[in-house]
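The following exercises concern one protein chain. Please work through each task before reading its solution.

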Amino acid sequence: MTKIMKHINFSYLLFSIILSYLNLYSISIVYNFRIAEITKEQNSPYEYLSNKKYNLITLLFDQYFTTYNQYNYNYTGFFESFIYRTPSCYFRSDFAASSIKEKSPKGKNHTFQPEDILLTSGCNFTINDHSIITASGLFGIPTGKVVLPQAYFGYRQVGLGIQLDGFYSFRLTHRAIYGFRYIYFVPRSTNYYKKRYLFTIGHMIDFLLAYQYQYNKTQELEIGHSIESRFKASIKPYIA
């Protein structure tokens with residue numbers, strides 16, 4: 001009985017460690033729903049974007065945060081999105097890479113890591129002259145393995161998801177944007193203290209609602225809110 005309790009306690013501790021590193025020490029840019037909508041151009045009502053069949057978008061980011069146990073992290077890198085459009089459908093590929101500077105009571109560490117690759121494809125459905133809805137499928141490809149305990153860039157699990165988003169134009173320069181996305185992360189094995197475990201960060205749901213005002217040909221103002229929820233994360237012994 002004591003042996004069973006020790007195994008349960010160790011598994012619970014490992015589960016807590018994995019969730020801690022996934023949620024506190026690691027970030028994802030390609031799975032960020034707000035960034036996905038900012039760079040999304042297949043629904044663009046603006047002539048200078050909608051006439052382009054291919055688009056390559058680059059974003060730079062610099063994110064710094066401190067954890068409760070005095071670990072400091074600085075993520076600095078770039079995000080690339082390639083978008084191919086047809087009159088009614090689209091395909092996009094998202095990729096990012098980051099320099100990670102870690103400072104803790106144990107010392108300093110500096111690495112450069114690629115993130116997961118996220119592929120998205122879908123089609124537009126015109127509701128009326130003011131509204132378009134886009135239905136899409138998502139496939140996330142991990143670019144590295146999980147090594148604990150260390151910070152890393154991205155979730156490093158296969159992601160399968162669906163997305164429904166669109167907009168409603170009140171006028172040519174005013175519109176409301178909305179979106180819903182669900183992603184399931186396929187369980188993946190990892191080694192910890194010479195033992196093998198199967199874990200997943202579970203399921204992720206995103207909601208987005210925003211208002212946009214275009215005040216000239218190349219600039220616009222946006223205000224909105226997005227919510228991300230993760231649930232059913234799990235870990236269990238894995239026997240090869």
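**Exercise 1. A residue in a strand**

Leaving aside its neighbours within four places in sequence, with which residues is Ser104 in contact?

*Solution.* The model is a predicted one, in which local features need pLDDT of at least 70 and side-chain atom pairs count only at pLDDT 80 or more, while totals for chains, interfaces and linings use all residues. Residues are numbered from 1 along each chain as its sequence is written, and side-chain values use heavy atoms, with hydrogens and water left out.

Step 1. Contact means heavy atoms within 4.5 Å. By this criterion, and with neighbours within four places in sequence set aside, Ser104 is in contact with Gln70 and Tyr71.

Step 2. Ser104 belongs to strand E3. Helices (H or I, at least four residues) and strands (E, at least two) are DSSP runs, numbered from the N terminus.

Step 3. The relative accessibility of Ser104 is 15%, so this residue counts as buried. The classes are buried under 20% relative accessible area, exposed over 50%, and partly exposed in between (1.4 Å probe, protein chains only).

Step 4. Asn72, a residue of strand E2, is 32 residues from Ser104 in sequence, and their C-alpha atoms are 6.3 Å apart in space. Not counting residues up to four places away in sequence, Asn72 touches Tyr64, Phe65, Thr66, Lys101, Glu102 and Lys103.

**Exercise 2. The nonpolar core**

Which members of the largest nonpolar core touch the most other members?

*Solution.* Step 1. A nonpolar core is a set of buried Ala, Val, Leu, Ile, Met, Phe, Trp, Tyr and Cys residues joined through side-chain atoms within 4.5 Å. In soluble globular proteins, nonpolar side chains tend to be buried together.

Step 2. The largest core has 21 residues, and those touching the most other members are Ile29, Tyr31, Tyr75, Phe153 and Phe185. At least two residues of this core come from each of the strands E1 (54-66), E2 (72-85), E3 (89-104) and E8 (174-185). E2 gives the largest share, three residues.

Step 3. Consider Phe153 in detail. Beyond its neighbours within four places in sequence, its contacts include Ile27, Ile29, Phe61 and Tyr75.

**Exercise 3. Strand pairing**

In which sense do strands E6 and E7 pair, parallel or antiparallel?

*Solution.* Step 1. Two strands pair if DSSP finds at least two bridges between them. Strand E6 (residues 131-141) and strand E7 (residues 159-169) are joined by ten bridges in the antiparallel sense. Ser131 stands opposite Tyr168 of E7.

Step 2. E7 and E8 also run antiparallel, with eleven bridges between them. Ile162 stands opposite Tyr182 in E8, and a hairpin of four residues joins E7 to E8.

Step 3. The loop between E6 and E7 contains Arg156. Although Arg156 is not a glycine, its phi is positive, at about 55°. With a relative accessible area of 9%, Arg156 is buried.

**Exercise 4. Salt bridges**

How many salt bridges does the chain have, and where do Asp206 and Arg181 lie?

*Solution.* Step 1. A salt bridge is a side-chain nitrogen of Lys or Arg within 4 Å of a carboxyl oxygen of Asp or Glu. Side chains of opposite charge can pair when their charged atoms come close. The count is three.

Step 2. Asp94 and Arg92 form a salt bridge with an N to O distance of 3.0 Å. Asp94 is buried at 2% relative accessibility, and Arg92 is buried at 4%.

Step 3. Asp206 and Arg181 meet in a salt bridge at 3.1 Å, N to O. Asp206 lies in strand E11 and Arg181 in strand E8, so this pair ties together parts that are 25 residues apart in sequence. Asp206 is buried at 3% relative accessibility, and Arg181 is buried at 0%.

Step 4. Arg230 forms a salt bridge with Glu228, and their closest N and O atoms are 3.0 Å apart. Arg230 is partly exposed at 29% relative accessible area, as is Glu228 at 40%.

**Exercise 5. The whole chain**

What percentage of the residues count as buried?

*Solution.* Step 1. The chain has 240 residues, of which 44% count as buried.

Step 2. Its secondary structure consists of three helices and 13 strands.

Step 3. Among contacts between residues at least 6 apart in sequence, 61% join residues at least 24 apart.
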